[in-house]
Amino acid sequence: MSQSTDLINLDTLAQELATIQQTGSKRIALLGSRHVPITHQNLIEMMTYALVLSGNRVITSGATGTNSAAIKGAMRADPNLLTVILPQSLERQPNESRQQLELVMHLVENPSNDNLSLAEASYICNKEIISRCQQLICFAFHDSRTLLQTCKDAEEQRKVVTLFYFD
């Protein structure tokens with residue numbers, strides 16, 4: 001039993017080392033809570049701006065808070081390196097998000113999820129985002145069930161996960 005655990009840890013370590021040493025651009029998913037203080041949103045925007053300026057592609061969703069800050073930062077740096085995947089159709093997004101989302105070049109809608117609850121649609125959307133990335137950066141609270149499950153799913157797919165807690 002410990003032998004398989006050692007192999008998993010060795011695999012994880014090798015993957016993280018390869019990611020750190022990678023000098024080319026990466027596909028980085030950036031997800032997080034909607035309920036984020038403005039100061040944190042500014043930091044997320046600056047971080048995303050720097051990631052895109054470094055040539056990385058950013059994949060996020062279309063919610064307010066963390067995702068909106070990521071969109072803002074990526075759009076300032078290079079809109080072509082941003083992909084936004086919505087959990088539902090654009091029409092189902094809040095008005096304050098729609099104006100920003102209409103400017104995104106690479107926008108993926110999921111109208112087939114319009115009949116689902118936002119939590120269910122978000123979980124499905126996050127799975128799609130994770131399938132497209134090499135690394136996940138997530139901003140969550142300890143009770144953010146959907147986001148924490150997304151992090152766990154990403155780790156199971158051997159993605160490099162960086163999780164920041166707000167609380």
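Colleague: Why is Arg92 called partly exposed?

Modeller: The relative accessible area of Arg92 is 45%. Under 20% counts as buried and over 50% as exposed, with partly exposed in between (1.4 Å probe, protein chains only); Arg92 is therefore partly exposed. This is a predicted model, in which local features need pLDDT of at least 70 and side-chain atom pairs count only at pLDDT 80 or more, while totals for chains, interfaces and linings use all residues. Residues are numbered from 1 along each chain as its sequence is written, and side-chain values use heavy atoms, with hydrogens and water left out.

Colleague: Where does Arg92 lie?

Modeller: Arg92 is in the loop that links strand 3 (82-85) to helix 4 (95-101). Helices (H or I, at least four residues) and strands (E, at least two) are DSSP runs, numbered from the N terminus.

Colleague: With which residues is Arg92 in contact, leaving aside its neighbours within four places in sequence?

Modeller: They are Asp114 and Asn115, where contact means heavy atoms within 4.5 Å. A polar atom of the Arg92 side chain lies 2.3 Å from the backbone oxygen of Asp114.

Colleague: What makes Ser97 buried?

Modeller: Ser97 has a relative accessible area of 3%, so Ser97 is buried. This residue is found in helix 4. Apart from its neighbours within four places in sequence, Ser97 is in contact with Gly62, Ala63 and Thr64. Across the protein chain, 43% of the 167 residues count as buried.

Colleague: Why is helix 2 called oblique to helix 3?

Modeller: Helix 2 (residues 38-53) packs against helix 3 (residues 66-77) at an angle of about 40°, and their axes are 7 Å apart. Helix 2 is therefore oblique to helix 3, as angles under 35 degrees count as roughly parallel, over 145 as roughly antiparallel, 65 to 115 as roughly perpendicular and the rest as oblique. The axes are lines fitted to C-alpha atoms over the stretch in contact, and angles run from 0 to 180 degrees between N-to-C directions.

Colleague: Which residues of helix 2 and helix 3 meet?

Modeller: Gln41, Ile44, Glu45, Thr48, Tyr49, Val52 and Leu53 in helix 2 meet Thr66, Ala69, Ala70, Lys72, Gly73, Ala74, Arg76 and Ala77 in helix 3. The residues of this contact divide into eight nonpolar, four polar and three charged. Ala, Val, Leu, Ile, Met, Phe, Trp, Tyr, Cys and Pro count as nonpolar, Asp, Glu, Lys and Arg as charged, and the others, Gly among them, as polar.

Definitions and conventions:
A polar contact is a pair of N or O atoms within 3.5 Å; within protein, one must be able to donate a hydrogen and the other to accept it, and residues adjacent in sequence count only if both atoms are side-chain atoms.
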